[in-house]
Amino acid sequence: WSSDVCSSDLMNQIDKLIKIVDGVIFTGGQDVDSKYYNQIRNPKNNEDSIERTEFEIKFLEKLLNEKKAILGICRGMQLINIALGGDIIQDIPSLIKTDINHKAVKNGIGYLEKVHTVKTNENSLIRKITNKKEFWVNSNHHQAIGKLGKNLIVTGISPKDNIIEVIEFKDYPNFFLGVQWHPEFTFTEEDKIIFQYFCKNL
């Protein structure tokens, strides 16, 4: 990525931030530019600013080095995967055969609706904190993780179509969780528990 965006001044700002944060949530947003995972842009993509992406990738590198708590939500989970060498399925409706509408939110309405379930892996962080083998989530994404990034493991899927819904970092010594839905609307007990557990580890 371009050196003019990731300037020495920006890196100095990141170094300052690292010293004062205990954990970071990488939030949702528009699609990450496909150049970051070496694919030709799909016409369905609605790509976010390069400045945001490059800042977050550099910030994530520092956070991992310092073993800070990390939570990735929707785009945030995808960004983590990309930063660690993974790639993205650029448009679920046109590339994956599924009966689930993963882009269920329209005009901001639908975040409080149960769209599909997530099935969790045994001995995973998500299973530990929710104590659930399967639970309902909302859904507002048209992309998904494809190839998994280095040291990441899949610990939750949408069982009807195998879309990756939860990732964790193998043997990470602090809280590390990426989820494809939007738990910040906290309309289920599982959503609330994710944030409670994240805060407990700060």
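**Reading salt bridges in a predicted model**

Mentor: Buried means under 20% relative accessible area, exposed over 50%, and partly exposed in between (1.4 Å probe, protein chains only). Keep in mind that this is a predicted model, where local features need pLDDT of at least 70, side-chain atom pairs count only at pLDDT 80 or more, and totals for chains, interfaces and linings use all residues. Residues are numbered from 1 along each chain as its sequence is written, and side-chain values use heavy atoms, with hydrogens and water left out.

Trainee: Which residue meets Lys 132 in a salt bridge?

Mentor: General idea: side chains of opposite charge can pair when their charged atoms come close. The rule here asks for a side-chain nitrogen of Lys or Arg within 4 Å of a carboxyl oxygen of Asp or Glu. For Lys 132 the partner is Glu 190, at 2.5 Å, N to O. Glu 190 is buried, with a relative accessible area of 7%.

Trainee: How many salt bridges does that rule give?

Mentor: The count comes to 9.

Trainee: What does Asp 48 pair with?

Mentor: Asp 48 has a salt bridge to Arg 52 (2.9 Å, N to O). Asp 48 also pairs with Arg 75, whose closest N and O atoms are 3.3 Å apart.

Trainee: Are Arg 75 and Asp 48 buried or exposed?

Mentor: Both Arg 75 and Asp 48 are buried. As for Arg 52, 22% relative accessibility makes it partly exposed.

Trainee: Which residues do shared partners join into one network?

Mentor: Asp 48, Arg 52, Glu 56 and Arg 75.
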